[in-house]
Amino acid sequence: MSTPLESVPASVIHLRSAGCSLLVLVDRTGLPRVRHWGADLGPQSAAGAAGLDVISDPHSRLPGEMPAGEVAVITDPTTGWFGRAGLKGSRHGRSWSTSFRTTSVELNEHPVTGFTEAGAGTLGVEAVDEEAALTLHLVIELLESGLVRLRATLTNDGTEFELGELSLNVPVPSQATEILDFGGRWGMERQAQRHEFTVGTHLREGRRGRTGLDAATVVHALEPGATFCTGEAWGIHVAWSGNHRHFAEHDSAGVRLLGGGELLLPGELRLATGQCYTTPWLYASYGVGLDAVAHRFHNYLRNRPHHVSSDRPVTLNVWEAVYFDHDPDRLIALADRAAEVGIERFVLDDGWFGARRDSRAGLGDWTVSPDVWPDGLHPLVKAVRSHGMQFGLWFEPEMVNLDSDLARAHPDWIMAARSVLPREQRSQHVLNLSIPECFSTVHDQLVAVIAEYEIDYLKWDHNRDHLEAGLQSAGGAPVEHAQTLAAYRLLDELKERFPALEIESCAAGGGRIDLGILERTDRVWVSDCIDPLERQRLMRWTGQLLPPELMGSHIGSPRSHTTGRTHDLSFRAATALFGHYGVEWDLDAATPEQLRELADWIALYKQHRGLINRGTVLRGPDPADDLWLHGVVAADRSEALYAVAAMAWGAASTPPRARLRGLDATRGYRLEPVHIGDADLGFAPPRWWDDRTAVVTGAALESVGVQLPNQPPEHSILIHVTAVG
Ligand code: GLA
């Protein structure tokens, strides 16, 4: 129901939830503006909200422009904003300068006027530009978790409109002077980069057709020196698994904003009359300290009805054990060995289908290879199930090798923008799932295999970037947008058909990690690098978006296949513990002692997985440059598990204390070091190490901390803390 244009008075809506406020101004002269997103302002009044009005500088801005500190959710140049335009598009060079007027405002589907205050809620705003013949429908939500999310739908009311960009944004205040986001590469995703928030645009564009190994993931604006537990922090994330952009913009007049949206290729979205386009969700998380920003993402994910249970099954993935060398007898022996150490899910990786004896052939032919598996996968599946384990299988549904029956039969289903195919990567090309016959062929093949073997778990891979993502039959017209939606639809249809099926999002490691894919998958593969030294950092930063139970975290071989470093089992196992636990190691090559120790680690995970998979994640403060402290605390603060990883040989001869955060200040806690296997400290430990009588208050543990023992480099210690009484 929309109200006539003239009768919409200004509305000020103040939403508050979980320590976060969102103050939105809506009047009929333009698009909604966010006046405040951040700390909870407490109850406000109409007069109070008016008192937060912002001053604009008449000398440097146009009348009605966007003043510093208050930002329209879609930036509009006609208001005198000279930064990036939120909406770009035209009708053959016309209708490019748009100016929207709000026509209706609803909170939780009820019209609102004047000043309104509520808890978590959904604002729906309708705005039109009659001259440009365009309508916008905006959704601005404050969720229970305190997470904000925004989305826009643009409807074309005129002749064909070519859309170039539709991005949303939120303001950050002038004290946000630093930027933190991530870069990365294969085996080294989510490398943090931090720098000054200078005038201009910090633009992070992903054109790889997937989220990307180098994805920005969360772009933060920070108070100077903000840490995991101090300093205000604002972070945004675009929930989209195809081409996308994030940006942090700071103009000369003082406006600072964070935003993003889908990245559209030239001519990709031509809206016919009546057609509409909906942006991905832009998520925005605020908190004091980076942990608080992460917690809102974690809480949001954990509150979803389909979120995984905390009872995550311990997994064995065979990739680094056998690679493409599939020998049924060997794999059955591996399943037996896995069951002995307590594994609960067995995942058969790449190499089981078509002519897939190496990476050069077979992708696209999703039928079990009779050369290697003369009796199908049945003997293996039977052995796995006889141990009470679940069975999982690897697929790469969007990909094809030229050497495959599928590519030979349908060469026109391969993405290409010119008369020649794009460059190969890992000997493979991308299938165009937006072609209905292609979609249904892949869909039917997957359904047949999943149904035949009653597969519990699917590892869904995506090993190459898209290049020249075009539809051959349409002269190479770009199809990234359609491809992302088709991949989502394929996942959704499988989930609907097999409701108990769990799906892992993998893309050459952690190349498809975003909240769009996580709406329809149940964990991610963080990285192909399982060297624990690298994994400490990888888990730290992937955890900025995801809680532990969604991060696939495996114990690899003694010598890392990626880096060549060698580590004791205790460091590999203690590092992997803070995720969805698994093993990726040829257990036939392990010694009996190693297998015994591995079984102890798996038992430890099972003992603590309820805590790890639902607890509040805490990172730092670092006790020293070379010592990395992190942990999980139960929601009721009755227990916690902390780890201190010695990332290098310590500089000080006496190690520092570790301050244990997150506990109840008034309660007493007993400390217990967790000893498994080969962790040999080699030095005299502090007294509490062997003293089970000491009870220390949460307040003391947080402000004074516990004395750490001397640790050898590239080893972790674990401390389990339990409330007494
Ligand atoms: C990607 C994945 C690996 C493995 C291989 C199989 O690299 O990240 O875990 O599944 O593909 O080809």
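Reader: Which residues of α9 are buried?
Author: In this predicted model, the buried residues of α9 are P532, L533, E534, R535, Q536, R537, L538, M539, R540, W541 and T542. Buried means under 20% relative accessible area, with exposed over 50% and partly exposed in between, for a 1.4 Å probe and protein chains only. Helices (H or I, at least four residues) and strands (E, at least two) are DSSP runs, numbered from the N terminus.

Reader: What caps its N-terminal end?
Author: D531 caps that end of α9, with a side-chain oxygen 2.8 Å from the backbone nitrogen of L533. A polar contact is a pair of N or O atoms within 3.5 Å; within protein, one must be able to donate a hydrogen and the other to accept it, and residues adjacent in sequence count only if both atoms are side-chain atoms.

Reader: How are the residues numbered, and what confidence is required?
Author: Residues are numbered from 1 along each chain as its sequence is written. As a predicted model, it needs pLDDT of at least 70 for local features and 80 or more for side-chain atom pairs, while totals for chains, interfaces and linings use all residues, and side-chain values use heavy atoms, without hydrogens and water.

Reader: Turning to cavities, how many of 30 Å³ or more are there?
Author: The structure holds seven cavities of 30 Å³ or more. About 190 Å³ of space lies in the largest cavity. On a 1 Å grid over the protein atoms alone, a cavity is a set of points where a 1.4 Å probe fits but cannot get out, and a pocket is an open set with protein on both sides within 12 Å along at least five of seven lines; lining residues have an atom within 4 Å of a point. Grid points are joined across faces, edges and corners, and a volume is the space filled by probe spheres set on the points.

Reader: What lines the largest cavity?
Author: Its lining has 19 residues, with M539, R540, F578, V617 and H630 nearest the centre. At least two lining residues come from each of α9, β36 (616-619) and β37 (627-633). By class, 10 are nonpolar, six polar and three charged. Ala, Val, Leu, Ile, Met, Phe, Trp, Tyr, Cys and Pro count as nonpolar, Asp, Glu, Lys and Arg as charged, and the others, Gly among them, as polar.

Reader: And how much space lies in the largest pocket?
Author: About 400 Å³. It is lined by 22 residues, and R151, W240, T279, P280 and L485 are the closest to its centre. The lining divides into 13 nonpolar, five polar and four charged residues.

Reader: Which residues are closest to the ligand?
Author: The closest are D349, D350, R426, K459 and D528, among 13 residues that surround the ligand, where near means a heavy atom within 4 Å. The shell has five nonpolar, two polar and six charged residues.

Reader: What are the distances to D349, W394 and R426?
Author: An oxygen atom of the ligand is 2.6 Å from a side-chain N or O atom of D349. For W394 the corresponding distance is 3.1 Å, and a polar side-chain atom of R426 lies 2.9 Å from a ligand oxygen atom.
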